[in-house]
Amino acid sequence: MMTWRRPSRRAARSEGPWAWLAAGSVATSLALLALLLGLLAVRGLGHFWPAEVSLVALDDGRQLAGWAVKESPLPGGDGRERLYRTGNRDLDGAIWDWVDLDEIREVSHPSDLVVLERRRWSEFIGRLEAVETESGERISGESAWPALERRLTALEQHRASIERLRHQVIRPLVLRLEAGEASELERERLSAAQEQVREQQAALPKDILILETVDGRQLRQPLTEVTDALQPNAMGVGEKVVAWSQGVWRFLSEGPRAANTAGGVWPAIFGTVLMVVLMSIFVTPFGVLAAVYLNEVAHQGRLTHWVRIGVRNLAGVPSIVYGVFGLGVFVYGIGGHLDDWFFSSSLPSPTFGTGGLLWASLTLALLTLPVVIVATEEGLARIPESQREGALALGATRFEMLTRIVLPMAMPAMLTGVILAVARAAGEVAPLMLVGVAKLAPQVPVDGEFPFLHLDRKFMHLGYHIFDAAFHGGDVQAAMPLIYATALLLVLVILVLNLTAIFLRHHLRSRHGTLSK
Amino acid sequence: MTVMQETRSSPGAFIDFSPDVTSLEIRGFGLRYGDKPALANLSLRVPRHRVTAFIGPSGCGKSTLLRALNRLHDLNEDVTWEGTIRLEGQDIHAPEVAVAELRRRVGMVFQAPNPFPMSIYDNVAFGLRLQGRMPKRRVDDIVEWALRSSALWDEVKDRLRASAWSLSGGQQQRLVIARTLAVGPEVLLLDEPASALDPISTLKVEELIRNLKSSLTLVLVTHNMQQAARVSDYTAFLQDGELVEYAPTDTLFTNPRLARTENYITGRMA
């Protein structure tokens, strides 16, 4: 019987050191990439995990509660010290505490420790003594914690209903009133709704939480300031997973708090994606037309040769230079004139004469234009001459040949250009600082108000958010996990944008097979 | 039938092919790429509803002449030309001639099959759709007729929506012929249409050419002397951009007037 044989793989392995060298380079790149993503994922996503709170008893009798963050050698001595995040900024003036390891007598994890996320003063870590209701009733002991959870849920429902009322009833009515279209009936409905909101706000639970820190200080905390309450040491894994997903969801869906060192990044996600999408809308037709002119229409002489070299070199111009150009030409030049002509009523406060979404997208479109032109041109050049001649020989005009044969065939190359452009634009921060990004712009640039898309508004950006939190925040240590999480998110957003374009390209390619010959 | 005037540099252009009627008339035609002459002072007539073959060694200008017949050279800015080419008496370079319309009347099939990256159906319908909106039934009918005319219908009727690039080379070439037929040309130019095909596909294309001449004027450029002898009615022998001899195929192959022609067709070329 015959046996099927295959070439030995040993032959490939014995090809010498260069094969190892090449394989090693790939392995190193992959390892670095995995390390980067792993670091971002562990540090960023780990932040939302409700970690156990340690109760630390020191030799001198002092007690503190918090999470260990890092350890380092004692300055100028042997031994090590450990940094704890202890929260309670309102009581301690700081949320960090360095502890000498030698001074620690005991570390325990009592299950009655609570962590309260608050709107101000960072989180509270300590114990819940009692819940004092509006009527002066005091719920303490075992039933205090369930009472707190119940009341917190009620408070959230209350808030949600007020928010609904504001959003769905009051705002449309106010808009009509401003436009001078409101009837008498609508005016009445508006004031009724506003009265309702006032009532509901007055009816918000005015409970006071009686809290005690682990070293025995008491604190009266109004419940309305509390956003979340956890007992991490008493939670099972399942509960922790739920709390973790809620934390991640709040990070994705809420606006930032505490000077960008806490809270969520929703406006930044939205701003990044919207800006990139607008940039693609600007750059794609422009770049494709330019490439078509260079490759299909222009006389192929010395001039086109130099224009090509120029375009390729534009891709290497540092991005901050584009930022300066955008500031000078778009913001002050065009924007200033637009304000003079159309928005003079609101001067001296600028409308388009200041950085905003439109100018930022245009600046980035300019920045990524060479990439799109070069990629499209390469795609156009790859289309065989026989395809063009085939179309012409059937009686197509040059325009018909371009739109029906050449451009559809060059579509994957164009999308490659857009993918590269998106990848470059989504990560740019430097030019945006000049032309429209904002440290804090909780209002996203799209809403129900005419003209729905507000191109003049400043917007938030994940990249700038990282920069701001890392260098301009008051407490970098506190913002660090959020910086990791935001960086991870930025990578994911770019990945999603790219994958969308890649799937689109794949779909186009698979429709009629590839240009293999 | 007027006898064509013999010109100085194309002594073999002298031919009387009555009772056939002239479809294309080339008179004193020359063409240059930049400074490089490709065709010089070339005169001949192509009879209607016959197959005319251009033969000659590589670089002799036969493909250049073919491409001049539907003005594909217009794309190349370096090309200059002199003389006239008339289609049914109309100068194809006249300013009032729309080049797209000319190319519809004078279709062309290239050496390598060049189907577009779309479905078989869309390939055939491509030229029709350029002529404006048409009822779908009518497009369907013309597509079927064109595919039947190019003897491809039975092979593809069940997969008209499949990519044209999934066909074999011979099928692709017949698809390209069908695509050209669909726009209803009067003249079909074939630039070595079978040179990239296997022998069986070649036979099919040759049979197709013979069938098509009942309704079309065909001009065939080929390297293959047997092919010219098998399918053509008239044969023109070109060398170095000049027309050497032009005669009915039987005459040219059995009794060439010039020694140069005889040397070429018997393979005694230097």
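**Surface patch and aromatic contacts in a predicted model**

Student: In this predicted model, which element of chain A gives the most to the nonpolar patch?

Tutor: The nonpolar surface patch covers about 500 Å² and is made by A:Val26, A:Leu30, A:Leu33, A:Leu36, A:Leu37 and A:Val491. Five residues of the patch come from one element, residues 17-46 of chain A, and this greatest contributor is helix H2.

Student: Is A:Leu30 buried or exposed?

Tutor: A:Leu30 has its place in helix H2 of chain A and is a member of the nonpolar patch. Exposed residues have over 50% relative accessible area. The relative accessible area of A:Leu30 is 53%, so this residue is exposed.

Student: Why is the pair of B:Phe116 and B:Phe126 classed as it is?

Tutor: Over all chains, the count comes to eight aromatic pairs. In the pair of B:Phe116 and B:Phe126, the ring centres are 4.7 Å apart. Planes under 30 degrees apart count as stacked and those over 60 as edge-to-face, with the rest tilted. The planes of these two rings stand at 55°, so the pair is tilted.

Student: How many residues apart are B:Phe116 and B:Phe126?

Tutor: Both residues are buried. B:Phe116 lies in the loop between strand S6 (106-109) and helix H3 (120-130) of chain B, while B:Phe126 belongs to helix H3. The pair links distant parts of the chain, and the separation is 10 residues.

Student: Which residue lies over the face of B:Phe116?

Tutor: Chain B has a charged end over the ring of B:Tyr121, that of B:Arg161, 4.4 Å from the ring centre. Over the face of B:Phe116, at 4.1 Å from the ring centre, lies B:Arg179.

Note on methods: Residues are numbered from 1 along each chain as its sequence is written. Chains are lettered from A and ligands numbered from 1 in the order in which they are written. This is a predicted model: local features need pLDDT of at least 70, side-chain atom pairs count only at pLDDT 80 or more; totals for chains, interfaces and linings use all residues. Side-chain values use heavy atoms; hydrogens and water are left out. Patches are made of residues with over 30% relative accessible area and no salt bridge: like charges are joined within 9 Å, nonpolar side chains (Val, Leu, Ile, Met, Phe, Trp, Tyr) within 5 Å. Accessible areas come from the Shrake-Rupley method with a 1.4 Å probe; for residues, only the protein chains shown count as cover. A salt bridge is a side-chain nitrogen of Lys or Arg within 4 Å of a carboxyl oxygen of Asp or Glu. Helices (H or I, at least four residues) and strands (E, at least two) are DSSP runs, numbered from the N terminus. Buried means under 20% relative accessible area, exposed over 50%, partly exposed in between (1.4 Å probe, protein chains only). Rings of Phe, Tyr and Trp (its six-membered ring) pair if their centres lie within 6.5 Å; planes under 30 degrees apart count as stacked, over 60 as edge-to-face and the rest as tilted. A charge sits over a ring if NZ of Lys or CZ of Arg is within 6 Å of the ring centre and within 35 degrees of the ring normal.
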